[in-house]
Amino acid sequence: MSAATAPAGRKILAVLLLVPALAALVLWTFAWPAARMAPRDLPIGVAGPAAAADRIAGELAHREGAFEVHRYEDAAAARSAVENREVYGAVVVTPAGPELLTASAGSPVVAGLLREAVTGPAAAEGRTVPVTDVVALPAGDPRGAVLGASLLPLAIAGAATGVATLLLGLRGTRAAAALVADAALTGLTGAALAHGWLGALAGNYWAEAGVLALAVLAIGAAFAGLATLLGKPGFGLAAVLTVLAGNAFSGMAGAPELLPTGFGLIGQWLPPGAAGTALRSVSSFDGAGAGGPLLVLSLWAAAGLSALALGGRRRTEPTPVPATATTRTPAATA
């Protein structure tokens, strides 16, 4: 083999090895959490007379850590907890028997799991448990599919914003201004499509646009900031955190508590997961439970913009000129 063909052979071998490895990583990241979805300490409420409520709570607690049971005094308190996103649902014991409160807008998958867990045993005994959907999904998205499918385009929009900003040669404050402006326009456009056209969002338009804009800014700033600090590897790291792991561990396909232990929490600290939770909150729950996710998005945006500004300042600082030795001119002789 000649010296010229040796590097080409190594490049071909690298491609043959890296592409299947990358495909396996992506497949594992998305498929493994989906294959292991199950309730893990899923918050659910129980309300009613002490003896009956204790019996219901005991039945739920026996499901090997599937549920985290919260006790409430009465039906009003339990309903308020569901509406404020403190629990995904609640079982209320009434004189006529138990009643199940769900919130399909919080997670249609969890609402189905609760119906199965509560109404299934009752049906086997010949009893019927009434189910009330306290916070229903918007009419334009009756299965919750639109909201779940919106995260990947949101991540791609943020990534494109961050990459384009640097490729166009913008640095420092100009780059930050471009990221903020583009995120604002993307948020307004995305909310107009999802809220006005598709009817998949049912909250305040401006609040929804703000969440979308902050999510795009957080992801775009992550790409631009990491690339400013690390160079091209920064793009790869940002892609793993926001596009790959961020979407796979977001919990939007069900709920963070349905993912393998720890992965749901990781997903809520990444921009897509925080964006999905915040968007659900402002769309269907009047902003209840949105504070933490919005803080996460703000921290990502602030960190990325700070890294971008720091990198821009380093590039614009003048390079110190080394002092040169002074040459003495010999005095003229008479």
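Residues are numbered from 1 along each chain as its sequence is written, and side-chain values use heavy atoms, with hydrogens and water left out. Because the model is predicted, local features need pLDDT of at least 70 and side-chain atom pairs count only at pLDDT 80 or more, while totals for chains, interfaces and linings use all residues.

I start with the sheet. Five strands make an open sheet in the order β2-β1-β3-β4-β5, with mixed pairing. Helices (H or I, at least four residues) and strands (E, at least two) are DSSP runs, numbered from the N terminus, and two strands pair if DSSP finds at least two bridges between them. At the edges are β2 (67-72) and β5 (131-133), each of which pairs on one side only. From one strand to the next, the twist averages 25°. Strand β1, residues 42-47, pairs with β2 in the parallel sense over six bridges. Val-46 has Arg-71 in β2 as its bridge partner.

Helix α3 (residues 75-83) packs on this sheet, and its direction makes about 170° with that of β3. Axes are lines fitted to C-alpha atoms, for helices over the stretch in contact, and angles run from 0 to 180 degrees between N-to-C directions. Helix α4 (residues 108-124) also packs on the sheet, at about 170° to β4.

Next, the cores. A nonpolar core is a set of buried Ala, Val, Leu, Ile, Met, Phe, Trp, Tyr and Cys residues joined through side-chain atoms within 4.5 Å. Buried means under 20% relative accessible area, exposed over 50%, partly exposed in between, with a 1.4 Å probe and protein chains only. The largest core has 34 residues, and Leu-279 is among those with the most contacts inside it. Elements giving two or more residues to this core include α8 (205-230) and α11, and α8 gives the most, with eleven. A second, separate core of 20 residues includes Val-46, the residue bridged to Arg-71.

Last, helix α11. Of its 14 residues, 13 are buried, so α11 is largely enclosed by the rest of the structure. Ser-281 lies in α11, residues 271-284, and is buried, with a relative accessible area of 0%. What lies 2.9 Å from a polar atom of the Ser-281 side chain? The backbone oxygen of Ala-288 does, within the 3.5 Å limit on a pair of N or O atoms for a polar contact; within protein, one must be able to donate a hydrogen and the other to accept it, and residues adjacent in sequence count only if both atoms are side-chain atoms. After α11 comes Asp-286, with a positive phi near 55°.

Note on methods:
Contact means heavy atoms within 4.5 Å.
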